[in-house]
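Here is a short report for a first look. Start with the picture, then read on.

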Amino acid sequence: MDYLYFPGCTLYTKAKNLDQTARDCSHLLGFELKEISNWTCCGATFPLATDNIMALLPPSRILARARQEGAILTTLCAICFNVIKRTNRLIQNDGEKREKINNFIEMNYQGDLRVLHYLEILKQEIGFSKIKERVKKPLAGLKAGAYYGCMLLRPFDEMGFDDKERPTLFEEFLEAMGAEPVDFPYKIECCGSFQSVGSPEVATECSYKILGSAIKNGAEVVVSTCPMCTFNIDHKQSDIKEKYLGFKPIPVLYFTQLLGMAMGLDYQTLGFGQNFVDPLPLLKEKGFI
Amino acid sequence: MKIELTRHKVHNEFAKKVELISGQNLFACYQCGNCTAGCPVAFAMEVGPHEVIRYTLLGLEEEAVGVNTFWLCASCLQCTSRCPKGIDIARVMDALRSVVLRKKDRKDHIQIPKFPEGFLERLPQIAFVSGFRKFLS
């Protein structure tokens, strides 16, 4: 089966490694990501001011166009997922706003797409047991901290991804690949998100707390789903090191990079060159590559 | 901090405006402080989110929009998720941002020309798209 796929603004550039590995993995698992035609940026924030209809238009247009091509839309980036899923729900439930939006974008969309994150496709549509069967090189002994961040989980009643305080879906996924998930209290805390534009030092501090918590609980690698989180907790480790001299960098990988590796893809196709903290020494030490 | 309350201040339109933009009932807030306790960026805030709500309820517009609290909010929705009264506090923070950015003599929170060289190039697109949406009018 094919799933409609919305890449989003960062997946063709700074998060190419997330995009490419997800496409390769889906191929191995027997489904294709069918990129929707004519997509735009989703706006990267769901508008919280209730009268900001303008910010709802880009995600609405994406949804309306996608509906003409299929019934299930998937994304990889957690922020895109949040914006698109919340907009979809709003179009479903708020008749007045739906009419306003449809009038403006000159389309007729009723909110009848199913929006699923790639991880949800893996769990609900493919099944973690099937992933387990497909694993060629189990990630045995890899202590991995699953970092959910905010946007996959909150608001709980709209996202319905997993438990809002103690989610386990990501850990189950890591277990299916043979890795050893590490639970750490900061796994649902915010990385500072767009504060890396407004107050970069605040985002650095948030990322330091998250990584510190993962390291303290024994993680050797942190696994992420989102290009925004990955920038803050991976690329900003240079800023963390400047501030906290004793800080020892920890590799941050996209979940699809680990999946590709476990399913036997050549590590040179997994885009590790785009990861800020080089994961290769650790992966070699563990005997995965 | 000394705050003078007057009948005029408490009955002004400010709280109503914030309620209208956020769609939230601010008067449900009983100041438990759960939002501030769980806020990942509270350490850098001049006052916690619950205090800004209190300012707003008392009609103290200058105090409410004069603090850095809502500019530092990353819309992670932890407060929203944990508020025992069901107030979507992240929406309140965005409403306060909107109040400032929609003023006639508005002042953007960030000045793009003042960014250090290479600052934007380093960021992923998603960061400045969302950042500009939150910080510019």
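How many helices and how many strands does chain B have? The count is 10 helices and 0 strands. Keep in mind that this is a predicted model.

## The build of chain B

Read chain B from the N terminus. The order of its elements is α-α-α-α-α-α-α-α-α-α. Along the principal axes, the C-alpha trace of chain B spans about 50 × 35 × 30 Å.

## Inside chain B

Chain B has 137 residues, and 44% of them are buried. Next come the contacts within this chain. Take those between residues at least 6 apart in sequence. Of these contacts in chain B, 65% join residues at least 24 apart.

## Where chain A touches chain B

The two chains are in contact: 36 residues of chain A meet 34 residues of chain B. Which elements of chain A give two or more residues to this side? They are helix H9 (195-198), helix H10 (200-216) and helix H11 (227-235) of chain A. H9(A) gives the largest share, with 4 residues.

What is the make-up of the side of chain A that touches chain B? Its residues divide into 20 nonpolar, 11 polar and 5 charged.

Key. Residues numbered from 1 in each chain as written. Chains lettered and ligands numbered in written order. Predicted model: local features only at pLDDT ≥ 70, side-chain atom pairs only at ≥ 80, totals over all residues. Contact = placed C-beta atoms within 7 Å. Nonpolar A, V, L, I, M, F, W, Y, C, P; charged D, E, K, R; others polar. Buried ≥ 20, exposed ≤ 12 C-beta atoms within 10 Å, placed from the backbone.
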